[in-house]
Amino acid sequence: MEGVSKIFGGFVDMKEGNFRHLLVALDEHQTLWTEPQHEIESHFAKVGSLLGSALTRDRGLTALAHLIPQCPLEILEGKLQYYINVCAKVCNQRGHVATVPLAYDVLKQLLLKSLESSDLNKLIISNIPKLLDNVTSNADSSTRAATLDFLETAMRHYPGVTGSAKNRIEDYLYSLVDSDDASVVHRTGTCLLLLQQIRGGGQHGTLHKKTWDEYQCKLVDSIHELLGRVFEHTPETFDVDENLECLKLPALVVEDEPVDAARRIVTRLLNLICYLEKAVVGAYPVAKPFRPMKLLNVVLRGHSVSCQMMAKNSILENVALGMFLPQIQAQLLKLLDGMVLVLKSYLFPFRNLLTDLFDQCLKGTVTVDGKGRKKSYISLRTKVYGSIAVWCETVKFGSGVEEISDSLLENIVQDVAPYEPEVTLQVNASRQKLSAKAKKKLQKEQNAATALAKNHTSGSLEISKHLQSDYCNEALCLAALRCLAKVLDAAGCFIKPVMQKLLQEKIVSLCVSVFSQLNTGAKQNLYFEPNCRQALLVALNSLIINPHHLCPPPLQYGVTMFSAAESQDPNVDVRSKAAELARGAETLLHPRKEVFYFPLEENAVKDMLAAKKKHPLNAVFFQEKEKRSMPITFEKVKLQECSEMQSESDDSPKEDEPIARVEEITIEEDQPSAVVYDLGDDETEADFNRGELQKSTAEKTVESAAIVLDSEEDNEVELVETEQTNESKRVETPKKASEEPKPAAEEPSVEKLGTPKKPMQSIGDVKTPTSAQKRKPEAEDKSQQSEEVDGKRAKIAEGDDDILARVDDLVAEFVDELNEDV
């Protein structure tokens with residue numbers, strides 16, 4: 001779209017909302033950068049005018065954040081220092097709260113852009129110390145995220161420069177340890193990990209390993225210290241070292257109010273666990289020296305105490321800390337997931353500890369009589385199911401989850417089963433043959449049974465209308481179904497056949513109940529959510545493909561359910577997943593036989609070769625090789641004046657021609673040249689089939705060669721090969737004119753590069769063309785060369801036709817033999 005400059009000129013008078021919308025539209029078209037350079041410079045001049053005024057500085061910084069990533073380097077090199085000065089001024093003077101994040105965003109973009117130019121890089125390096133002086137803990141909380149982004153970019157791309165300000169950066173990051181903002185917490189953890197590598201790694205990364213190990217140990221000790229404060233009023237059975245070396249964090253301010261004090265302790269504890277998780281899973285220049293048992297002790301200690309144990313001591317502070325305990329345990333499980341993803345099979349020796357931990361967490365969070373209402377500890381149970389799925393998916397058959405399969409599957413079935421209202425069935429007996437006394441007695445019994453049925457449900461009818469529902473349990477059901485699929489994939493064949501059968505009956509009956517009521521209008525509390533229905537189908541498919549050898553899989557039921565969901569489910573994602581699972585089950589019902597590869601028929605090969613240059617797709621499948629010239633490197637060239645050579649005829653020229661002796665020749669080829677064998681010869685074909693032809697060809701070598709410069713006009717180059725002998729080379733003397741010439745068969749073979757061969761005459765140990773004795777007219781030479789070239793082309797064409805005919809014969813023979821074998 002043209003005419004962008006006309007719109008760009010009205011930026012000064014636009015409102016903030018319209019201004020941002022226009023920038024997004026311009027960024028979508030990307031036509032601003034196709035304009036002439038003077039137009040682009042005028043646009044940046046207008047942005048500079050916006051930066052000069054305090055009222056319009058926000059708009060200028062916003063425009064810069066959008067324009068810098070695509071800005072030409074030649075424009076940015078002249079304006080970079082001005083932009084840095086403006087941003088540093090905004091950050092130093094603590095201007096408007098909304099302006100400081102924009103300034104840090106512009107600085108971040110400038111740091112990334114400076115990586116593309118050495119001049120910009122030098123300028124940024126000289127300004128980074130000045131920019132780091134503005135990073136203090138007294139800044140407003142709304143500027144923390146942008147400041148951390150700038151620090152992360154600076155430490156990642158300029159670690160050497162930021163190393164001088166390590167203490168200042170460390171103090172600023174530690175001041176954010178009590179932050180409640182999740183984005184600030186994650187960015188702080190990333191910056192703390194980068195802080196361990198900005199001083200250099202030393203020889204073989206020893207300094208990096210040392211600093212990371214110290215950081216790991218100090219974080220673990222700091223977490224243990226806070227866990228001790230959380231479990232201060234609860235008896236623990238976990239032994240912890242008393243000599244703890246913690247991080248130099250600010251003092252924790254605890255007020256007299258117990259609930260607020262508990263919140264502050266738990267907030268710092270959750271942030272430190274997040275920092276440790278970032279340190280475990282984050283990238284690092286060298287291999288991290290992990291201490292698995294030291295890290296696992298943090299997770300095990302946090303789960304060694306349950307909410308029921310803390311509730312036994314009913315003081316207000318302990319109850320308040322127990323209220324936050326599920327959040328602490330869920331954060332520790334995230335740390336465990338990071339360890340599993342990084343260490344993987346190195347955690348095999350500790351798998352019994354992990355499976356016992358999962359079983360303990362599920363048993364400690366079971367909701368008693370929780371049907372028909374929101375269950376307790378949903379977040380924690382959901383995270384436990386997620387951690388089990390990560391463990392099973394990572395280590396697969398070595399997970400050991402089959403040891404707790406009974407209790408695990410029991411908990412899963414409880415969490416995936418929807419609430420079903422109770423139904424009382426009454427059977428009326430026939431009164432035809434009863435007396436009046438018996439009829440009266442039967443009536444009393446029926447009245448009593450009706451009253452019992454009314455009082456059987458918990459609570460009154462009013463309460464059941466409002467509470468008897470599975471509302472808000474969908475997340476727990478989804479996590480349980482996904483965990484079931486991963487458990488079956490990892491240990492389905494190890495589960496007891498009885499448990500397999502019971503699980504099959506439960507999942508199949510649940511599928512029938514859910515998908516038979518899709519179009520009835522009845523709202524399924526749990527499975528009204530499409531993700532839950534999709535996870536239910538995946539769990540059924542896992543039962544089919546991971547059976548026990550003593551328990552047949554429910555394949556027929558699965559095919560029926562997949563087909564019903566594919567045709568009836570209202571959600572497109574569920575239908576797509578059902579169709580995919582149905583295709584997989586179809587391959588189990590009707591497995592494919594062995595697949596044989598049959599080559600194309602003879603006619604198809606001929607048609608393909610005939611239409612090779614006509615079809616548009618042939619350029620992709622039949623790419624022609626590029627014709628590249630073969631460069632020749634000449635080394636150690638010695639020029640000799642052939643004054644001693646004498647011509648044998650009277651017409652030879654009086655002046656001798658200079659001859660160059662080449663002792664070494666190096667031929668550089670980008671691609672090996674193709675070798676074409678004449679398979680029409682029976683002997684050659686037999687050698688080719690036995691592999692002897694290729695071997696004999698590869699053994700040919702060139703002992704020595706000479707380059708003869710014919711004349712300045714012809715510029716012909718000839719390569720002379722001499723015979724290879726085991727004896728030492730003999731020094732030959734120049735021939736006399738009276739000696740008879742040797743037969744042509746005994747002459748060394750001559751191979752000419754780039755020009756056709758000419759008759760050669762031996763003079764000493766060098767061959768010279770007859771043109772050295774007698775020159776022919778230039779017209780005759782050209783005509784002779786053209787005739788020779790035409791003859792060679794005719795021979796090449798005849799050879800190509802013979803090769804194509806031979807290929808056709810071979811293809812026909814191969815097809816006939818294949819048909820006979822079939």
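A residue counts as buried when its relative accessible area is under 20%, as exposed when it is over 50%, and as partly exposed in between. By that division Lys396, at 47% relative accessibility, is partly exposed. The structure described here is a predicted model, and the values given below are computed from it.

**Two lysines with positive phi**

Lys396 is not a glycine, and yet its phi is positive, at about 55 degrees. The residue lies in the loop between helix H19 (378-395) and helix H20 (405-416). A positive phi of about 55 degrees is also found at Lys344, again a residue that is not a glycine, and Lys344 is placed in the loop between helix H17 (325-343) and helix H18 (351-364). With a relative accessible area of 45%, Lys344 is partly exposed.

Val395 belongs to helix H19 and is buried, its relative accessible area being 10%. Leaving aside neighbours within four places in sequence, Val395 is in contact with Lys344 and Phe348. The C-alpha atoms of Val395 and Ser345 are separated by 6.4 Å, although the two residues are 50 residues apart along the chain.

Within helix H8 (residues 144-157) lies Thr147, which is buried with a relative accessible area of 3%. Not counting residues up to four places away in sequence, Thr147 touches Tyr104, Val135 and Tyr172.

Arg156 and Glu152 are 4 residues apart in helix H8, so about one helical turn separates them. An α-helix has 3.6 residues a turn, so residues three or four places apart point the same way. Arg156 itself is partly exposed, with a relative accessible area of 44%.

**Salt bridges**

The structure holds 18 salt bridges. Three of them are set out here, each with the distance between its nitrogen and oxygen atoms.

| Salt bridge | N to O distance |
|---|---|
| Arg301 and Glu236 | 3.0 Å |
| Asp569 and Arg533 | 2.8 Å |

The side chains of Asp569 and Arg533 meet in a salt bridge. This pair links distant parts of the chain, with Asp569 in the loop between helix H26 (555-568) and helix H27 (572-589) and Arg533 in helix H25 (residues 530-545), 36 residues apart. Asp569 counts as buried at 2% relative accessibility, and Arg533 counts as buried at 4%. Salt bridges that share partners also join Asp180, Asp260, Arg263 and Arg264 into one network.

A salt bridge likewise forms between the side chains of Arg301 and Glu236. Here too the pair links distant parts of the chain, since Arg301 is in helix H14 and Glu236 is in the loop between H12 and H13, 65 residues apart. Arg301 counts as buried at 5% relative accessibility, whereas Glu236, at 28%, counts as partly exposed.

**Helix H14 and its cover**

Arg301 is one of the buried residues of helix H14 (residues 292-302), which also include Leu295, Leu296, Val298, Val299, Leu300 and Gly302. What covers the buried residues of H14 includes helix H12 (206-230), helix H13 (258-281), H17 and H18.

**Surface patch and cysteines**

The structure holds 0 disulfides. Among its cysteines, Cys472 is partly exposed with a relative accessible area of 30%, while Cys511 is buried with a relative accessible area of 0%.

Key:
Residues numbered from 1 in each chain as written. Predicted model: local features only at pLDDT ≥ 70, side-chain atom pairs only at ≥ 80, totals over all residues. Heavy atoms only, no water. Disulfide = S-S within 2.5 Å. Buried < 20%, exposed > 50% of the residue type's maximum accessible area, 1.4 Å probe, protein only. Contact = heavy atoms within 4.5 Å. Salt bridge = Lys/Arg side-chain N within 4 Å of Asp/Glu carboxyl O.
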